[in-house]
Amino acid sequence: MDELNYYYNKLKFGEDNFQNLMKYRVKKILLISTFYDAYIFEYDAKLSNQIVGEYHSLNLTTVPRLISVPTGEEALNKLKVESFDLVISTIRIGEINPFDLSRIIHTRHPDLPFLLLLTVKTDVNLIDNNRDKMGDIEEVFLWNGNPRLFLAMIKYIEDKRNAPYDTSKGFVNVILLVEDSITFSSIYLPLLYAEIMEQTQRLISEEQNDNNKYLRMRTRPKVLMVRSFEEAVEAVRIYKESLLGIISDIEYLHKGEIDTNAGFDLLSYLKENNIDVPVLLQSSDASKKSRAESMDVKFLHKKSSTLLADISQFIFRKLGFGSLIFWDKSGIEIGRARYLADFEKILPSLPPESLIYHSQNNSFSAWLTAHGDMRIAKKVRPVQVSDFPSLEEHKNFLLQTFQRVREKRNKGKIVDFDKDILGESVVIVRVGSGSLGGKGRGLAFFNALLTIMDFDSKFKKAAIIIPKSIILASGVFDSFMENNNLIDAHINISDEQIKKRFLAGKLPKDIEDQLIQLLDFCKCPIAVRSSGLLEDSQSQPFAGVYATYMLANNSEDFKERFRQLTDAIKLVFASVYLENSVSYIETLNYGIEEEKMAVIIQEIVGNQYEDYFYPHFSGTAQSYNYYPVSHMEHSDGVANIALGLGQSVVGGGKDHMFCPAYPHIQYETVDDKVRNTQTKFYALNMAPEGTDLSRGEEETLIQLPIRKAERHKTLTYTASVWDNSNERLIEDLSIAGPRVINFANILKYNYFPLSEILVQILDISQKAMGIPVEIEFAVDLKKTTEILPVFYLLQVRPLSHNDDEVHIENEYLTIEKAVLYSTEALGTSCIKGISDIVFLDPGKFDKTKTMEMKEEIKEINKLMKDQDKNYILMGPGRWGTRDRFLGIPVNWSEINKAGLIIETGLHDFDIEPSQGSHFFHNLVALNIGYLNIPYHQKGKSFIDWDFLRSMQPIGNREFFTHVAREIPFTVLMDGKTGNSVVLK
């Protein structure tokens, strides 16, 4: 941890030296969070850039400085030697909890505000259960991926302290927000400030007099937030002469109790005191609408899909730094530099008199200082023209300085799109504004961390790389949705209709221009991946929920290449609103409007063989192993790898599973491995005909037999041969016999240090994110005298895991007490209230009819959804696999009422559970019970089939049997031991 702390501190995030001109200014913030969260807040939220943009437009000059520490103990030590204006803490901050920390800080620094920032929605319950400990916490917010939330938190503190003076001495208005929900207030505040800042910018741009512009800046409306009726009345009493408008919930605290009509009582108070201001009421109870409208007040339903847009409309309708400009001696502008690269373009042709003028006036150092490059500014400032024999040498000094700095700054950083940087060793490029989304911020964080650690220098036989990635930030999605009137286009239409409407839309012109520049440079195969705001967060990974498209990008017709790229982007946007995605989001108790989509355009790893493109192998690895064997521990992790592209692994197909810490230990017997080995692999089709991406993500992919890979000579280090006469596996492909994909040359003989790389990356990732993680990767073993085999890190996401304990008494582990018993349970929980079981009797299973079984369970799930009932689902093979011969290939939306999912084995159909599949990953995230009862454990685990068959079935179906009883079943799951029972 100390080593990681050292490297994290080397990352420079926005060391801007701006100050707010307000009387009370937040100039320095102490952020207490995990390394990963701190990175997201700074880089994904782009705190500095967000505030710089706003402050520049308001003629302000400085922004707050953010200092991060990972624990409460380090925060207290920091406060002993430095002063701060604001403390922001997350929940998980080491041994001391934030409630005790706030109390200690308040005792020592009574005027220092303390805000609590939740990173997981479920932590709201923790706040509700600890209200008695909240006295020294000024306010609580929930991180929702909105990059403006930090700005709103800062402004909330500043406005709260500045409002009394500014409203009494200046011409400042107040908007009052009355909202007791942490979730909604964390959405509303950023929205309010965004609208206020936009309006202020418009007013400033209209002013011709600098004094008036300054006045406009100083007099922007304040936003005050309160949580109860009494606080609202007090705020109205104090600021009634300055009230611009009120946005209020209806149900909140009044006299210490929840009052379902508190909002209406507030309206009555306003009327009684002749306070006439625009009021917006909103509630989760739609029945309140008629009463609100009868009082001539605008009402919004909190569950409306257009809630935020409607609030914006209410604010709009009812609540009505920069470039260095170079001049010639005549005062005519000859150029302007906004970025470092601009100096490299302008300096060579800069006239002598302009160079002398700007040097003597310290223009270069001043510009650099204003843009946060203080270290460079200190180097440039003392250098004068007279220090050089000629102006050319002075010019060369400046050029070389800017070039070295820009190259160093770009390495491991996120850079804004520019065609001139596409050829550089920059791997993360941002297009547009807004968030990078879940996958994007994970890539950006680990790109920065692994670069600063010089991680790949640790391995002599391999290079470690994150593929070059272009990320369309979430602002592109917002513009696309708004420009094409797609905000509510998904309502009450089919998935195919949604895709058609999105494909008919047009991307913003500036984005299309940048994509054209990208395709002019990039001729290699590319993947277009989703990166939603909610995706891959600590509470909901969203693995495989949204779309990814692989493109050959090799058509001779440029327009066709451009069409395929833009179609893929639009379809990734559309995937937010498809049935499976909406069902998943609703299961997590999120609203569809809370999701925004960024898009990652990434080079595909691999090489071309004939008309196919693929890496030697791909896979996933987890730092937590749900099913350890032998002397493995859960913390030793697990990996799943497969020849070719990763669809075999993430889709629940055939792959090879091993523990990175113990790569020699086999999960299967030799006979099982020979029988269950990978026989097909995925590749990108480089010669597709009539590509129509709307047909699905696999439109451009092809499954090839293993013999193709042998012809391509890509099996050399990944396969062994079954020697039937000697009944053993040998690593010699010159021998005839069945090919078995077991990666022996890599895992056993260490041709490529895969296990060592995975152990170190998983360890670093888990420490950085604070919880177990899963990574996706691909490996290219092709090497030359100059190029090493390469490990490509494609994605890092948190792995949902809880440390709860459930103890199961031995007396329950009998067929007299239990319907079933498994020694391979995922997760820890006690599930009660489920009365229904849907099972597939072994005698009815036919692996050639899994598609028909899928349709039948889909109908049963719909019936259960209509009755709002959960059920226990049990059937052979892998649920959710893409390979219909390995199990039933359901989507999440087709079994989303299952509260417990059980995979069973048969004597001739005993499939290992796939820990690397997206379906498996999301079961964990949703805290849905998951059991595996393999046939080879018969006598250890069991199912009481006689008990199930004795129950009266509901309906008559070809495959599945649905039974129920009045007394609910009890499910006990102990994830630490793997034991689980369903009690009779």
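Student: Which residue is the bridge partner of Phe839 in E37?
Tutor: Met874 is the partner of Phe839 in E37. Keep in mind that this is a predicted model.

Student: How many bridges join E36 to E37, and which way do the strands run?
Tutor: Strand E36, residues 829-840, is joined to strand E37, residues 871-876, by four bridges, and the two run parallel.

Student: Which helix packs on the sheet there?
Tutor: Helix H30, residues 850-866, does. H30 touches E36, E37, strand E38 (898-904) and strand E41 (960-974). The direction of H30 makes about 80° with that of E41.

Student: What is the order of the strands in that open sheet?
Tutor: The order is E35-E39-E38-E37-E36-E41-E42-E34-E40, nine strands with mixed pairing.

Student: Which strands stand at the edges?
Tutor: Strand E35 (824-826) and strand E40 (942-943). Each has a single partner strand, so one side of each has no neighbour in the sheet.

Student: New topic. Is strand E8 mostly covered or mostly open?
Tutor: Mostly covered: of the seven residues in E8 (243-249), seven are buried.

Student: Which strands does E8 pair with?
Tutor: Strand E6, residues 174-178, runs parallel to E8 and is joined to it by five bridges. Strand E11, residues 279-283, also pairs with E8 in the parallel sense, over four bridges.

Student: Which residues are bridge partners there?
Tutor: Val178 has Ser248 of E8 as its partner. Asp249 has Gln282 of E11.

Student: Now helices. At what angle do H10 and H11 pack?
Tutor: Helix H10 (residues 229-239) and helix H11 (residues 262-272) pack at about 25°, and their axes are 10 Å apart. Because angles under 35 degrees count as roughly parallel, H10 is roughly parallel to H11.

Student: Which residues make the contact?
Tutor: From H10, they are Phe229, Ala232, Val233, Val236 and Arg237. From H11, they are Ala262, Asp265, Leu266, Tyr269 and Leu270. By class, the contact of H10 with H11 has eight nonpolar, no polar and two charged residues.

Student: What about H21 and H23, what is the angle?
Tutor: About 135° between helix H21 (residues 495-503) and helix H23 (residues 558-574), with the axes 9 Å apart. That makes H21 oblique to H23.

Student: What is the handedness of the crossing, and which residues touch?
Tutor: H21 passes H23 in a right-handed crossing. H21 contributes Ile498, Lys499, Phe502 and Leu503 to the contact, and H23 contributes Asp567, Lys570, Leu571, Phe573 and Ala574. Six of the contact residues are nonpolar, none polar and three charged.

Definitions and conventions:
Residues numbered from 1 in each chain as written. Predicted model: local features only at pLDDT ≥ 70, side-chain atom pairs only at ≥ 80, totals over all residues. Heavy atoms only, no water. Axes fitted to C-alpha atoms, helices over the stretch in contact; angles between N-to-C directions. Parallel < 35°, antiparallel > 145°, perpendicular 65-115°, else oblique. Left-handed = near helix turned anticlockwise from the far one by under 90°. Contact = heavy atoms within 4.5 Å. Nonpolar A, V, L, I, M, F, W, Y, C, P; charged D, E, K, R; others polar. Buried < 20%, exposed > 50% of the residue type's maximum accessible area, 1.4 Å probe, protein only. Pairing = 2+ DSSP bridges.
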